[in-house]
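These notes go with the model below and are meant to be read beside it. Please check each point against the coordinates as you go.

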Amino acid sequence: MAKCTPIELPNWVLQDERRSAEIKVFEKCAAELSDDWHVFYSRPWWGLNEGGGEKDGEADFILAHHELGILFLEVKGGQISYDEKKDQWSSRDRHGINHNFKRSPVQQAVSCKHELMAKFKKSKKWPSQRVLAHHGVIFVDTSEANVKMLGGYEREIFCFSKDFERGFHD
């Protein structure tokens, strides 16, 4: 069983229907990953952009393994689609309402990876050897039938509903 932070999700998260996809991922990580994994849920970060302005974000999940490295995950629920002509990612929620994303889910995961890895490397406790860092996106409720939705990104960084149902493996 993975070591999770927080150990249990707080009630305010469990009661927020907008977080149902994240709750599913948290529960699956906790139950299916071995105790070699550390799972961090909803990790905020803060930084400065090139012009010195403030920017902030949040990694939905950070999964860390002492041998395999670190995986930064963005999680999206609902039916995800990608409009290639508009370069627009969106989601249709359980109520049938469409929501456009400001940035692609992949860009969100990549941004978190770069921001947090830069902060980690400044720590005196950070190992001197190279640490593998990857990013990925989980679409809990979306099948991969629509190949165009990948938006130019490699299939390997996506976990669709069928992948998610099959389970996680170390």
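1. Basis. This is a predicted model, in which local features need pLDDT of at least 70 and side-chain atom pairs count only at pLDDT 80 or more, while totals for chains, interfaces and linings use all residues. Residues are numbered from 1 along each chain as its sequence is written, and side-chain values use heavy atoms, with hydrogens and water left out.

2. Six strands make an open sheet with the order 1-2-3-4-8-9 and mixed pairing. Helices (H or I, at least four residues) and strands (E, at least two) are DSSP runs, numbered from the N terminus; two strands pair if DSSP finds at least two bridges between them. Strand 1 and strand 9 (158-159) are the edges: each has a single partner strand, so one side of each lacks a neighbour in the sheet. Between strand 2 and strand 3 there are eleven bridges, in the antiparallel sense. Gly 47 has Lys 55 in strand 3 as its bridge partner.

3. Helices on that sheet. Helix 2 packs on the sheet and touches strand 1, strand 2, strand 3, strand 4 and strand 8 (133-139), with its direction at about 30° to that of strand 3. Helix 3 lies across strand 2, strand 3, strand 4, strand 8 and strand 9, and runs at about 145° to strand 4. Here contact means heavy atoms within 4.5 Å. Axes are lines fitted to C-alpha atoms, for helices over the stretch in contact, and angles run from 0 to 180 degrees between N-to-C directions.

4. A second open sheet has the order 5-6-7 with antiparallel pairing. Strand 5 and strand 7 are its edge strands, each pairing on one side only. With direction ignored, neighbouring strands in this sheet are turned by 25° against each other on average.

5. Strand 5 and strand 6 are joined by five bridges; Tyr 82 is partnered with Trp 89 in strand 6, and Asp 83 with Gln 88. Four residues separate the two strands in this hairpin. Strand 6 and strand 7 are joined by three bridges, with Arg 92 partnered by Asn 98 in strand 7. This second hairpin has five residues between its strands, and Gly 96 in the turn has a positive phi of about 80°.

6. Backbone details to check. Most residues other than glycine have a negative phi, and most peptide bonds are trans. Asp 87, in the loop between strand 5 and strand 6, has a positive phi of about 50° although it is not a glycine. Asp 87 is exposed, with a relative accessible area of 54%. Ser 42, in strand 2 (residues 37-48), also is not a glycine and has a positive phi of about 55°. The peptide bond from Thr 5 to Pro 6 is cis, with omega near 0°. Pro 6 is found in the loop between strand 1 (3-5) and helix 1 (11-14).

7. Arg 19. Is this arginine buried or exposed? Arg 19 counts as buried because its relative accessibility is 19%, buried meaning under 20% relative accessible area, exposed over 50% and partly exposed in between (1.4 Å probe, protein chains only). Arg 19 lies in the loop between helix 1 and helix 2. Not counting residues up to four places away in sequence, Arg 19 touches Trp 12, Val 13, Tyr 41 and Ser 42. Ser 42 is the residue with the positive phi of about 55°.

8. Val 106. Val 106 is in helix 3 (residues 105-121) and counts as buried, at 2% relative accessibility. Leaving aside neighbours within four places in sequence, its contacts are His 135, Val 137, Tyr 153, Ile 157 and Phe 158. Val 106 and Tyr 153 are 47 residues apart along the chain, and their C-alpha atoms are separated by 7.9 Å.

9. Largest pocket. The largest pocket holds about 970 Å³ of space. Of the 32 residues that line this pocket, those closest to its centre are Arg 18, Glu 22, Val 75, Lys 76 and Phe 101. On a 1 Å grid over the protein atoms alone, a pocket is an open set of points where a 1.4 Å probe fits, with protein on both sides within 12 Å along at least five of seven lines; lining residues have an atom within 4 Å of a point. Strand 3 gives the most to the lining, with five residues.

Conventions
Points joined across faces, edges and corners; volume = space filled by probe spheres on them.
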